[in-house]
Amino acid sequence: MNFRALRFARAMEFTIHEINNRTDLLPGITLGYQIHDSCTEVAMAVKVAFQFANGMEPFFNDTDSCSKSAAAAVPALVGEPSSTPSISMTRMLGLFGIPQVSPYATCACLSNKRQFPAFLRTIPSDHHQAAALAKIVKYFNWTWIGAVRSDTDYGNYGMASFLKAAQELGICVEYSEVFYRTQPRSKVERVANVIRRSTARVIVAFVHEGELSLLLEELTRQPPPPLQWIGSEAWIIDPEFLRFNMCAGAIGFGIPRSVIPGLREFLLDLSPEQALKSPLLTEFWESSFSCSLKGSSEGARKCDGSEDIRALQNPYTETSELRVTNLVYKATYAIAHAIHGVICNETQCDKSAKFTPWQILDQLKRVNFTTKNGYQVSFDSSGDPVAIYELINWQVKKDGGLGFVTVGYYDSSRPRGQEFSMSRAISWMAGQTEVPRSVCSESCPPGTRKAVQKGKPACCYDCIPCAEGEISNNTDSLNCVGCPPDFWPNTQQDSCLPKPVEFLSWDDTLSNILTAFSIAGAFIAVCVAAVFYKHRTSPIVRANNSELSFLLLFSLTLCFLCSLTFIGQPSEWSCMLRHTAFGITFVLCISCVLGKTIVVLMAFRATLPGSNAMKWFGPPQQRLSVLAFTLIQVLICVLWLTISPPLPFKNLQQYKERIILECGLGSAIGFWAVLGYIGFLALLCFILAFLARKLPDNFNEAKFITFSMLIFCAVWITFIPAYVSSPGKFTVAVEIFAILASSFGLIFCIFAPKCFIIMFRPEQNTKKHLMGKGASKSLRDFHTN
């Protein structure tokens, strides 16, 4: 016999007695009742529903409460506790408008007022419980779970609501098994084996007590690894399961615990004489004390009145955990308030008033009151109460057994996101002190992204490092994001750092080397100028126009120094200065060399009879040619700077991980026009010097100019591919190297032989030696100029 269900029935009887003794509720009216046992079977529930609608003799009643005729007009009923029988009953009773207030039928489907217009309940819908269970799973970061359910309306609808809520919260289900207690044992064994093989360490069980008992007994035969059980209200508050130690640490939402003053005394105030009046109480008494009240049972002793009901310890007498019992208490009071609202006014009730079940149903939807033990009772438009749960945790007691401990609360009337609250620490499975982990894949750290494994749920994924140039700064990022153009990921690829800016700075070793050569070259040019000035009257200095020599040395000094403008952080003025200074100084230099070459050729032509070539290319013409050649370059540079000047810019394309700060060409045409003009003059100078290399002279400067131009042209021809292919700051270094190499080539090829004669061969620094034998008068005059 189900002693717990009997306690529910007697709680309704107690509530009706309490209502009948009140003067403020249904004054002068005595409520009667009938108690039917559906045996939690659908067929029996339908039969009972027909009996309610048609009228029948009660199984158990207060003999002063009802008459036979009154029994045929049942205005409302409390029950059925289970969802599936309730669905069958309310479909039948709804046709007659007879309201049904269930204390324990939780199926979310019963909230559908189109199908079940006469159904109300004092227990929250599983819609709320499923959402609460999903939130508790998410609260503890369990993303990989298993699920089992009873193959009933309660289990199927409840699990469907839970799975929907879990999916919305990103929770994955490894398996979802369903079974029923009447199915073959092989079905339960198969479900148990699925649980044993599972990698999920959390299991959500939306099952009735009967199914869970079978499952736990099967698992006990071959225990799986420790599991964190998440239970529905159907079993999480059932003390019958506390004997299964494998469920230690289980958590779930249960009906809030309550106290009903006077109920325990009422339940224990039962004598053998009273028990004989009801078949249900007779069965209870005989089962509890193993005796026969009527003395007709064979082999059983006759109850002699010495039985002490207060000494019993069974679900009937257990009143320390009144949860569902309080829902019966509230449901009975709700019907009483509805009847009061129909037949009573502010002062009295009309005992002869006629009313229909439809009127009671309409009034039930509007009840709003507080019970004697302080609980609010009301129904929403779906016939459901406000969802309030206690979070129950199965904790180990001092004696080693398991007990229920309330560790939190859930209240759907609170603001969104604040429904759930914790009040104390939770005891976990297998005595763990920390929250157990249940994930298919460990979290992806920053710097990686999640890639779902093919054919598996979204919670099963691989952690893929972010691609080059991308980061993820959150755990479990779905995508990596690229850094801004001026930033680059750090080594962990979890943050963007400013890219290092690279240019040929003064601190670089390469810059120091190039600066040293630049200053050394300028110093050499100044020293040569000093030597030439000291020996300015000597024949070797006066040869081939000493004025052009000094101008050439000055321009070479500028060439060496202009390379310094290429070092340091590029700015607007430095970018414009470096290219224009380089272009103009080199043209000035080449113009001087070209002038000296032309002078040699003119002097040779002057030796021919009747020639007056030197008259047309004397010192004034030489100065004018240098100026003209240089002004052309100045004009090119002015046009370049005016139309599209070279300006600093950040080169983000050459290297991904750093920025090259360099001077943009502005107009590529302008840049190559400057270089092209220099190349044209150099090539012209080389050709003329090559033609004059064999002129009759002991010190023929043309051959040295030829060598210098050969070096100059070779340097700048190789500069072009080197400049284009050099990376980053080395592009500037290549340009500086070309400037220095060509400048050193000029100064050494043209001036080193003369300095050598001046310093170490003074005997050759004579007009006679320079003229050589057979020199013409014109050449003699040339060397004296």
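This section reports the disulfides and the surroundings of one arginine in a predicted model. In this model, local features need pLDDT of at least 70 and side-chain atom pairs count only at pLDDT 80 or more, while totals for chains, interfaces and linings use all residues. Residues are numbered from 1 along each chain as its sequence is written, and side-chain values use heavy atoms, with hydrogens and water left out.

Nine disulfides (cysteine sulfur atoms within 2.5 Å) are found in a search of the whole structure. One of them links Cys-291 and Cys-303 at a sulfur separation of 1.8 Å. The torsion about this S-S bond is about 90 degrees, so the Cys-291 to Cys-303 disulfide is right-handed. Both Cys-291 and Cys-303 are buried (under 20% relative accessible area; exposed is over 50% and partly exposed in between, with a 1.4 Å probe and protein chains only). Cys-344 is bonded to Cys-349, with 1.7 Å from S to S; a torsion of about 105 degrees makes this disulfide right-handed. The link of Cys-483 and Cys-496, by contrast, is left-handed, with -85 degrees about the S-S bond. Cys-483 is buried at 15% relative accessible area, whereas Cys-496 is partly exposed at 24%.

Arg-201 is buried, with 19% relative accessibility. Its contacts (heavy atoms within 4.5 Å), not counting residues up to four places away in sequence, include Trp-144, Met-429 and Arg-437. Arg-201 and Arg-437 are 236 residues apart in sequence, yet their C-alpha atoms are 7.2 Å apart. The side chain of Arg-201 also reaches the backbone oxygen of Thr-199 at 3.4 Å.

How values were computed. Polar contact = N/O pair within 3.5 Å; in protein donor to acceptor, adjacent residues only side chain to side chain.
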